[in-house]
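Here is a short report on a structure, written for reading beside the model. It moves from confidence to chain architecture, then to contacts and backbone details.

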Amino acid sequence: MTKLAVLNKVFPMRWRGSMETFMTLLIWSVACFVVGVLLWLLSDLIWHGMGQISWTFLTTAPQKAGRAGGIAPILVSTALIVGVCLATAIPLGVGTAILLVEFSPQHSLFGRLVRLSLEVLAGVPSIVFGLFGNAFFSKTLGLGFSILAGGLTLACMVLPILIRATQEGLRAVPNDYRRSAAALGLSRTATLWVLLLPAAMPGLSVGILLGLGRAIAETAALIFTSGSVDRMPESLLDSGRALSVHIFDLAMNISGGEANAYASALLLILSLMVINAIISGLAHWFRDSRIQVI
Amino acid sequence: MFQWRSEVVFVGVLRGLALLSGLIVLLILFFLLQESLSFLQTIGFLRFFKDPAWHPVSREYNLLPMLWGSLLVTAGSVLLATPLGILSAVFCQYYAPAAIAQGYRRLIELLAGIPSVVYGFWGLVVLVPLIGRLHPPGPSLLAGILILSIMILPTIALVADASFTAVPPEYLRGAAALGLGRWATVSGVVLPAAKAGLMTGVILETGRAIGETMAVLMVCGNVVQVPESLFAPVRTLTANIALEMAYAVGNHRAALFVSGLVLMGLVVGLVAIAEVIHQEQIYD
């Protein structure tokens with residue numbers, strides 16, 4: 001009530017109407033401004049990038065340090081890095097999430113510590129992951145600048161995202177399922193395989209896609225772990241340039257690389273949009289299936 | 001009995017996986033410390049502030065300009081993005097028709113999903129030349145602030161949106177019964193009620209701004225200096241690491257790891273504060 005009194009003093013009744021009009025205008029213009037910036041960014045990328053993207057661009061090697069030619073080896077390297085990342089992060093993340101939700105009491109010390117450590121991990125800046133990956137995977141484990149080192153670094157980075165989404169998926173499964181299974185004499189492991197994991201599948205796939213999105217968007221953690229060699233990688237121990245690193249390199253270090261940088265950036269955005277669309281589709285499915293269950 | 005034993009093995013494997021996930025943070029901390037230890041022991045933390053300049057090759061390690069760079073870019077972008085983000089959320093919740101609000105939310109999520117290297121690239125080819133025309137050279141503190149603002153706006157907007165949703169509807173009905181207008185309701189009832197959530201949002205966006213590397217690296221010009229105006233180029237802590245890691249050896253490399261350690265400390269501290277606020281809010 002005192003706040004209202006203050007309000008009355010600061011804005012006397014006769015001003016109140018114009019204040020409302022002013023704020024309405026301001027808020028709508030803020031919204032228009034934000035939409036405008038996004039449209040500006042997207043249209044600029046599409047305008048300059050669309051003409052460059054073609055089948056040859058996707059399937060040929062870069063020439064003249066990326067000024068001409070395509071991005072085939074870069075796409076392969078990106079796929080390998082992301083593949084290593086997911087192949088490591090999925091078992092680790094899903095296992096951790098299952099333990100936290102299904103096999104550890106809500107307030108057990110171990111569970112609390114793991115949760116805390118994952119929260120901290122989620123906040124670590126990507127450049128710090130880069131430093132860590134360089135010191136641990138590249139130097140100490142002797143992987144050098146390689147796709148393997150880059151993928152493993154990214155795996156550490158996407159792990160918290162993956163675990164959180166899988167946990168949510170598992171928590172959304174009603175406890176009646178668990179009780180019915182126990183009443184039927186199923187062991188908890190069997191319940192997990194035949195009942196809980198299938199039921200938690202949407203949450204799990206959302207987690208994997210979120211991790212995938214984060215992995216292909218990442219640059220800073222990769223520069224010093226997977227390196228920037230733009231040749232076709234022959235093994236996981238070769239250095240490989242990710243698409244995001246390619247954009248960075250073309251924009252900053254190669255004069256005349258702008259056109260191909262635009263095309264690569266557009267491609268990156270498009271693939272992220274596809275991933276986003278699948279995620280929101282899955283989220284719908286998720287909601288619907290939950291309603292059916294109840 | 002057999003079933004039971006297999007369960008023990010399975011849970012053991014899960015425990016191992018969880019332990020591994022939990023240990024990653026400690027591993028990161030250990031390696032950052034290990035790499036920076038030699039520097040802290042032989043040269044000392046104070047040299048970061050007392051040396052005449054940043055010339056790692058000739059053993060001068062003054063990090064102050066980079067600290068100022070990070071601080072100014074972060075402060076500027078948080079000051080700019082916070083009102084915009086909160087008003088965006090107000091727009092979604094109280095001003096826009098339902099269909100537009102839903103579309104706008106999607107758009108903010110899209111904005112949140114754009115990779116930082118793309119923001120940096122766009123800033124470099126569009127924003128920097130524009131600023132350069134206004135006031136040369138172009139790559140500047142201002143460019144960094146603008147790009148970072150756009151990048152962290154979704155963080156505060158989405159958090160504010162969520163905390164507005166949590167405001168009890170009775171409050172709004174009470175305000176309506178008092179005959180308050182829309183903005184009077186928002187400023188007098190909603191904003192105070194959602195204060196804790198908004199604080200969390202500001203802290204999270206600050207963490208994001210401090211840790212951001214690629215975008216500021218691409219638009220800020222990266223000159224080691226304490227900027228004298230908005231149009232002067234700056235170099236942030238993160239950009240410094242990204243630029244020099246490629247050729248840094250010995251103490252130079254260790255100095256970069258120390259700045260990584262500082263960054264991690266700052267961001268983790270912010271996350272911890274946000275977590276405390278969040279907890280208090282839940283148990284209120």
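## Confidence

This is a predicted model. Chain B has a mean pLDDT of 89, and 97% of its residues reach 70 or more. For the complex, the predictor gives an ipTM of 0.90 and a pTM of 0.89.

## Layout of chain B

Chain B has 12 helices and 2 strands. Their order along the sequence is α-α-β-β-α-α-α-α-α-α-α-α-α-α. The C-alpha trace of chain B spans about 80 × 70 × 30 Å along its principal axes.

Of the 284 residues in chain B, 48% are buried. Contacts in chain B also reach across the sequence. Among those with a separation of 6 or more, 74% join residues 24 or more positions apart.

## Where chain A meets chain B

How many residues does each chain bring to the contact? Chain A supplies 68 residues and chain B supplies 65 residues. On the side of chain A that touches chain B, helix α2 (residues 13–49) of chain A gives the most, with 15 residues. That side of chain A has 48 nonpolar, 13 polar and 7 charged residues.

## A helix pair in chain A

Two packed helices are described by the angle between their axes and the distance between the axes. In chain A, take helix α8 (residues 175–183) and helix α9 (residues 188–217). Their axes come within 11 Å and cross at roughly 165°. Angles over 145 degrees count as roughly antiparallel, so α8(A) is roughly antiparallel to α9(A). The crossing of α8(A) past α9(A) is right-handed.

Which residues meet here? From α8(A) come A:Tyr177, A:Arg178 and A:Ala181. From α9(A) come A:Thr191, A:Leu195 and A:Ala199. The residues of this contact of α8(A) with α9(A) divide into 4 nonpolar, 1 polar and 1 charged.

## A helix pair in chain B

In chain B, consider helix α7 (residues 169–177) and helix α8 (residues 182–193). The axes of these two helices come within 10 Å and cross at roughly 160°. That angle makes α7(B) roughly antiparallel to α8(B). The crossing of α7(B) and α8(B) is right-handed.

On the α7(B) side, the contact is made by B:Tyr171, B:Leu172 and B:Ala175. On the α8(B) side, it is made by B:Thr185, B:Val189 and B:Ala193. By class, the residues of the contact of α7(B) with α8(B) are 5 nonpolar, 1 polar and no charged.

B:Leu40 sits in helix α1 (residues 2–42) of chain B.

Leaving out residues up to four places away in sequence, B:Leu40 touches B:Phe45 and B:Val258. B:Leu40 and B:Asn251 are 211 residues apart along the chain. Their C-alpha atoms are separated by 9.5 Å.

## Backbone details worth checking

Most residues other than glycine have a negative phi, and most peptide bonds are trans. Some residues in this model depart from that pattern. A:Lys64 is not a glycine, yet has a positive phi of about 50°. A:Lys64 lies in the loop between β1 (62–63) and β2 (68–69) of chain A. With 10 other C-beta atoms within 10 Å, A:Lys64 is exposed. A:Ala65 is found in the loop between β1 and β2 of chain A. Phi of A:Ala65 is also positive, near 60°. A:Ala65 is partly exposed, with 15 other C-beta atoms within 10 Å.

In chain B, which form does the peptide bond from B:Pro136 to B:Pro137 take, cis or trans? The bond is cis, with omega near 10°. B:Pro137 lies in the loop between α5 (116–134) and α6 (141–165) of chain B.

Note on methods. Residues numbered from 1 in each chain as written. Chains lettered and ligands numbered in written order. Predicted model: local features only at pLDDT ≥ 70, side-chain atom pairs only at ≥ 80, totals over all residues. Contact = placed C-beta atoms within 7 Å. Helix = DSSP H or I, 4+ residues; strand = E, 2+ residues; numbered from the N terminus. Nonpolar A, V, L, I, M, F, W, Y, C, P; charged D, E, K, R; others polar. Buried ≥ 20, exposed ≤ 12 C-beta atoms within 10 Å, placed from the backbone. Axes fitted to C-alpha atoms, helices over the stretch in contact; angles between N-to-C directions. Parallel < 35°, antiparallel > 145°, perpendicular 65-115°, else oblique. Left-handed = near helix turned anticlockwise from the far one by under 90°. pLDDT = per-residue confidence, 0-100.
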